[in-house]
Amino acid sequence: MSGNGAVWGRVRSRLRAFPECLAACEAEAAAYGRCVQASTAPGGCLKKDLCAQEFEALRSCFAAAAKKTLTGGH
């Protein structure tokens with residue numbers, strides 16, 4: 001179990017980077033949130049893949065931001 005220390009160290013560093021990554025994707029997160037909110041409003045119906053385009057934009061942005069953050073911008 002002593003080998004798990006390195007794994008937890010990497011996990012902690014990734015979790016610490018989460019707010020910075022999310023801030024970098026503010027517009028994409030807002031667009032996804034608006035889509036989900038509109039789908040769950042009275043009379044709306046949230047269905048699988050209804051906000052897939054917005055989610056994919058957020059996922060792509062977040063992945064790019066995480067890569068940049070975790071590699072020091074390289």
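This is a predicted model: local features need pLDDT of at least 70, side-chain atom pairs count only at pLDDT 80 or more; totals for chains, interfaces and linings use all residues.
The side chain of E56 meets that of R59 in a salt bridge, with a distance of 2.8 Å from N to O, and the count of salt bridges comes to one. R59 is likewise partly exposed, with a relative accessible area of 41%. Both residues belong to helix α3, which covers residues 52–70, and because R59 and E56 are three residues apart within this helix, about one helical turn separates them.

Aromatic contacts were examined next. The count comes to two aromatic pairs, and one of them is formed by F18 and F62, whose ring centres are 5.2 Å apart and whose planes stand at 55° to each other, so that the pair is described as tilted. The reasoning rests on the cut-offs for the angle, since planes under 30 degrees apart would count as stacked and those over 60 as edge-to-face. F18 lies in helix α1 (residues 4–24), whereas F62 lies in helix α3, and the pair therefore ties together parts of the sequence that are 44 residues apart.

With regard to accessibility, F18 is partly exposed, with a relative accessible area of 43%. F62, its partner in the tilted pair, is also partly exposed, with a relative accessible area of 22%.

Methods:
Residues are numbered from 1 along each chain as its sequence is written. Side-chain values use heavy atoms; hydrogens and water are left out. A salt bridge is a side-chain nitrogen of Lys or Arg within 4 Å of a carboxyl oxygen of Asp or Glu. Helices (H or I, at least four residues) and strands (E, at least two) are DSSP runs, numbered from the N terminus. Buried means under 20% relative accessible area, exposed over 50%, partly exposed in between (1.4 Å probe, protein chains only). Rings of Phe, Tyr and Trp (its six-membered ring) pair if their centres lie within 6.5 Å; planes under 30 degrees apart count as stacked, over 60 as edge-to-face and the rest as tilted.
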